[in-house]
Amino acid sequence: MLVQWIHLTEWSSMTARDRLLHQAVSERFEGHDLLPLDLHRVVLQVEESLADREEDRIAIQAAMAQRRHDRFAAYISLLAEATRQCGVATRDRFMTRANSALLMRAIQASQGETNPRIASLTNRVLDYLVGQTGLTFQEVSKRIEELSALIAPIGAINLSTDPGAKQEGYLSLGYGRLRKFMEELKAHERRSSEADANEALLVLFSAKEFCDFVSERLRDVEQSLSSFIDALQRIKETREDVEDLINDIAYALDGWDGLIDVWNEASRIPDAAQASSARRRAIQHIILFLPMMPSEESGEGTKRVWNGISIHRAAMVRQFTNWLDDTLDEDLIARVKASQDMEKKRLRDQHRAAALEAEASDREARRRKKRQIRRALRAVAGGAV
């Protein structure tokens, strides 16, 4: 059932958390688009205000600490990018080889600006940026902070390691989780029956579409910031471009976490037979709620596959889903199978009856032919007499 957001509380039973979240969203985003990044921040704030139990407080504190780490990692990666460009311009081999991981280790080992060498390096890089951009020292620092906050959801950029293996940026972590899910699904598909493998392939197709989309946007973010001096000078355009790209990434990953949770829960079952059955049900559940790439981002071939997925999903909804609790309806499955068996029997009987009728018609045609031949022979014999 679809209802307007403002009427949601009237049509559903909501917990205290849900009501507080509904109120917060309604007050802050009335008349504005609600982006996944916005909702993520609101959820953290609501859960922080409701964290009464010790374990809840610990979990929220860890989440907040991770967000601070994400922003710090983003800042360090921007500083590393500026350091490399400064090193190239000044022909400093050490600065040219700077990267996010190296600077992060140095700052953590030295407790940040308490180390004179780190402070000196930072000031040297900032002085270089001031000279190249024509901005003040304070303005350069402010703009780097703005960009750091903007890219914090994806964490550090321009790493030499695989972006899917990053340990910061909740969007990057979600991207890595989706890729891990794909690898597990591939293994499941290889050892499954043909019918189960086909359903797994549908999910794999969707996951790959979204993974490719996110990977491309992550590259675009790094490309937008690769010429760091230009990015600082054109801060408004840079901010708009990067913000659009990160919102694209957030939209692409939105919804996958819950589906992957369903898969992981099934995979944790220790009994092999039960786990196999649970994974099959998990895939069927995932297909019902499978995200679909917007047609604007899809080629003609992709659109045809998406149409096939829609038809397959609709068939599953008609046949297997209990509309009350969204679980597989075993009784309905049995009735559908019995109906299908009866239909197969009806078709077999129909074909058998048609074959018998055709055989009888053929025998009658042969008898008529024989009678016609006999009459013709008698007529010839009578004429001869």
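**Getting to know this predicted model**

User: Where is the place of Thr 136 in the chain?

Analyst: Thr 136 sits in the loop that joins α7 (116-133) to α8 (137-151). Leu 126 is ten residues away from Thr 136 in sequence, and their C-alpha atoms are 9.8 Å apart in space.

User: What makes up the secondary structure of the chain?

Analyst: There are 16 helices and zero strands. Of the 385 residues in the chain, 36% are buried, that is, under the 20% cut-off.

User: How do you know which residues of α3 and α4 meet?

Analyst: A contact needs heavy atoms within 4.5 Å. On that basis His 40, Leu 44, Glu 47 and Glu 48 of α3 meet Ile 60, Ala 63, Met 64 and Arg 67 of α4. Sorted by class, this contact has four nonpolar, one polar and three charged residues.

User: What describes the way α3 and helix α4 pack?

Analyst: Two packed helices are described by the angle and the distance between their axes. For α3 and α4 (residues 54-90), the angle is about 145 degrees and the axes lie 10 Å apart. Their crossing is left-handed.

User: What makes up the lining of the largest pocket?

Analyst: A lining residue has an atom within 4 Å of a pocket point, and 19 residues line the largest pocket. Tyr 170, Leu 253, Asp 254, Gly 255 and Asp 257 lie nearest its centre. The lining divides into twelve nonpolar, four polar and three charged residues. At least two lining residues come from each of α3 (36-49), α9 (170-190), α12 (235-253) and α13 (256-267).

User: How much space lies in the largest pocket?

Analyst: The largest pocket holds about 580 Å³.

Key: Residues numbered from 1 in each chain as written. Predicted model: local features only at pLDDT ≥ 70, side-chain atom pairs only at ≥ 80, totals over all residues. Heavy atoms only, no water. 1 Å grid on protein atoms, 1.4 Å probe; cavity = no way out; pocket = protein on both sides within 12 Å on 5 of 7 lines; lining within 4 Å. Points joined across faces, edges and corners; volume = space filled by probe spheres on them. Helix = DSSP H or I, 4+ residues; strand = E, 2+ residues; numbered from the N terminus. Nonpolar A, V, L, I, M, F, W, Y, C, P; charged D, E, K, R; others polar. Axes fitted to C-alpha atoms, helices over the stretch in contact; angles between N-to-C directions. Left-handed = near helix turned anticlockwise from the far one by under 90°. Buried < 20%, exposed > 50% of the residue type's maximum accessible area, 1.4 Å probe, protein only.
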